[in-house]
Amino acid sequence: MAEGVADTVLERISSARTDRSRMAGRINRFYELALPHRQLVGTKSDTPRDPGEQDDIFDSTLQDTVDDFASDMLDAFTPHYKPWVAIAPSETLGTGEQQQFKESVKRYEDVLYAEILASTFYQESQECWVELAGAAAGMLIPWTPNGRQIRPQPILMSNLLMDHGPNGELDGRWFEMKVAKCHLRTAFPMVKWDAHEAFSKKNCDDDYRAVDVIQGAYADHDGKGEAVYFCVYADGKKVHLKRLSGVGASPIVAMRWRTSPPSAWGPGPGQKGVSPGGALNELSYLVLKHLGKQADPPMLYDEDGLFNPEMGVNAGESYARRAGSKFDFLVTEQDLQTAFFEQNDLRMAVRRALYQDKPFQRADTPPTAAQWLDEKATNDKRLQLARMRIYDEWVIPVLQRFAWILQRRGVLPDVAIKGKIIGVRYVNPLSRASDMEDVTRASQFLQIVNGAFPQTAQASIDSFQTMANIKEKMGEELVVLKKPDQQAQLIQEILKGGKGNGPAAAQVGGSPPAA
């Protein structure tokens, strides 16, 4: 069975490479403007591009915006300071079991997220989000035995291959890479290298020649349960193939911003910023070129045998010229304001493409809080286009992969209730875009009623419950509200104290206790 499957792998890899080549032009153009140090798709070089490529970039708006996009996405989907998703039971629990389930899940989460934080995931995943701005990105999360740090490796678009499964889902994921021959045993300890003469120990020691390695996994659609075939090819030869079972068995995780069927690839948000980014680069070059001519303008002069400005003129010096000779500057005064205005429009187009057109003060008058909230809600709604895909292809698979490794290490606690193991599933958190719209409407309503009926509004509105509702909608967890009975108790203490002196009064804004 395994050998039969292996015979078709190279064909799938070749087909995936052809599929990527259709996007190569767009990916490479994105690389040239946003990530000029990246190796281009289709190149055979095993080294990054010359850092001097940056010298051809005269406007860094697209580069800066891609970095900001990556930072926002990293914090929005995989923050290091809180759980990424909710964990729910895979079966219905009784009312009395809910609290026990939560306590068991807390222990499970503590171990899982602590291991992710202890790994190099956060350092390496930064590059994945930058790549996603172009089209797609991947990550290799290798099996690592207990006691050793898990060291994921980002997979750039120029090294990533993907294909579709029978139902249109993302299936095969492969990582093309160069590995020094003497490092093969360390990089792939699961491979029986001595079974292959070309890669035996005697032929690999101290040999630093690069070997073309392709490793990847694809789902076993014919077997029972969740399983993948993991394969390794070295210089086109199959050196390893193994069926791995369990959710999270695939060591390679990949994500896409959008899809473009029947291709496994699709455009990233940064693709919409490539054209205005390129125009900005050209416009900035022309502006700089013109400013240089204005600062040191070229001239025409009559060659009269006396005056010769070719060697330059110095401030404060006098130069002789023949009577009647003259000189003219070639550059006329031109208004560059149009170019500067056009640059601002193009920069906004780039920022909007990558969701960085955040609320900001456009004029002298600062916007109201309602305007800020409304713009924030609108920006959040636009992110819904790819939110669910990122959770399904990236956030949850990364958690499943780390859980798979930790379970086989024997360090991930089971979620159990009274000794009974409960299956868990990761649940996408609901979007807060609609919640922010609710907060905006509530803020507008309060402004209207307080302006029209100030006294009646204060008497009619339950201020504590209103603040609690807004706090919940905004996801605020730091601010603690005092309950009405606590407020009443404080007021009673203030009244008993006469004029409001004492510790209780200080808590609600009264005078501090006398020294």
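Me: How many salt bridges does a search of the whole structure find?

Reply: The search turns up 23 salt bridges. Please keep in mind that this is a predicted model.

Me: What makes Glu-91 and Lys-420 a salt bridge?

Reply: Look at the gap between their side chains: the closest N and O atoms are 3.2 Å apart. A salt bridge needs a side-chain nitrogen of Lys or Arg within 4 Å of a carboxyl oxygen of Asp or Glu, so the pair qualifies.

Me: Why are Glu-91 and Lys-420 called partly exposed?

Reply: Buried means under 20% relative accessible area and exposed means over 50%, with partly exposed in between. Glu-91 has 31% relative accessibility, so it falls in the middle class. Lys-420, at 47%, therefore falls there too.

Me: How do you know that Lys-178 forms a salt bridge with Asp-212?

Reply: Their closest N and O atoms are 2.7 Å apart, and the limit is 4 Å, so the pair counts as a salt bridge. Lys-178 lies in strand E5 (residues 170-180) and Asp-212 in strand E6 (residues 210-219), 34 residues apart. Lys-178 is partly exposed at 41% relative accessibility, and Asp-212 is partly exposed at 40%.

Me: Arg-352 and Asp-357 also meet in a salt bridge. What accessibility class does Arg-352 have, and what class does Asp-357 have?

Reply: Their N to O distance is 3.2 Å. Arg-352 has a relative accessible area of 45%, between the 20% and 50% cut-offs, so Arg-352 is partly exposed. Asp-357 has 15%, which is under 20%, so Asp-357 is buried.

Me: Which residues are linked in a network of salt bridges?

Reply: Arg-12, Asp-163 and Asp-171 are linked in such a network.

Me: Let's turn to the sheets. What is the order of the strands in the open sheet of 5 strands?

Reply: The order is E4-E5-E6-E7-E8, with antiparallel pairing. Strand E4 (160-164) and strand E8 (237-245) are the edge strands, each pairing on one side only. From one strand to the next, the twist averages 15°.

Me: How do you know that E4 and E5 pair?

Reply: There are 4 bridges between them, in the antiparallel sense. Pairing takes at least two bridges, so E4 and E5 meet the test. One example is Leu-160, whose bridge partner in E5 is Phe-175.

Me: What makes E3 and E9 the edges of the open sheet of 3 strands?

Reply: That sheet has the order E3-E2-E9, with antiparallel pairing. Strand E3 (153-155) and strand E9 (252-256) each have a single partner strand, so one side of each is left without a neighbour in the sheet. The twist here averages 20° from one strand to the next. Strand E2 (residues 136-140) is joined to E9 by 5 bridges, and Met-139 stands opposite Val-253 in E9.

Me: Which strands of this sheet does helix H5 touch, and which does H11 touch?

Reply: Helix H5 (residues 121-132) packs on the sheet and touches E2, E3 and E9, its direction making about 160° with that of E2. H11 packs on the sheet as well, touching E2 and E9, and its direction makes about 160° with that of E9.

Me: Is Leu-412 buried or exposed, and why?

Reply: Leu-412 has a relative accessible area of 9%, and the cut-off is 20%, so Leu-412 is buried. Leu-412 is found in the loop between helix H11 (384-409) and strand E12 (416-417). Residues touched by Leu-412 include Tyr-108, Val-111, Leu-112 and Leu-406. The C-alpha atoms of Leu-412 and Leu-112 are separated by 7.0 Å, although the two residues are 300 apart along the chain.

Conventions. Residues are numbered from 1 along each chain as its sequence is written. This is a predicted model: local features need pLDDT of at least 70, side-chain atom pairs count only at pLDDT 80 or more; totals for chains, interfaces and linings use all residues. Side-chain values use heavy atoms; hydrogens and water are left out. Buried means under 20% relative accessible area, exposed over 50%, partly exposed in between (1.4 Å probe, protein chains only). Contact means heavy atoms within 4.5 Å. Axes are lines fitted to C-alpha atoms, for helices over the stretch in contact, and angles run from 0 to 180 degrees between N-to-C directions. Lists of a residue's contacts leave out its neighbours within four places in sequence.
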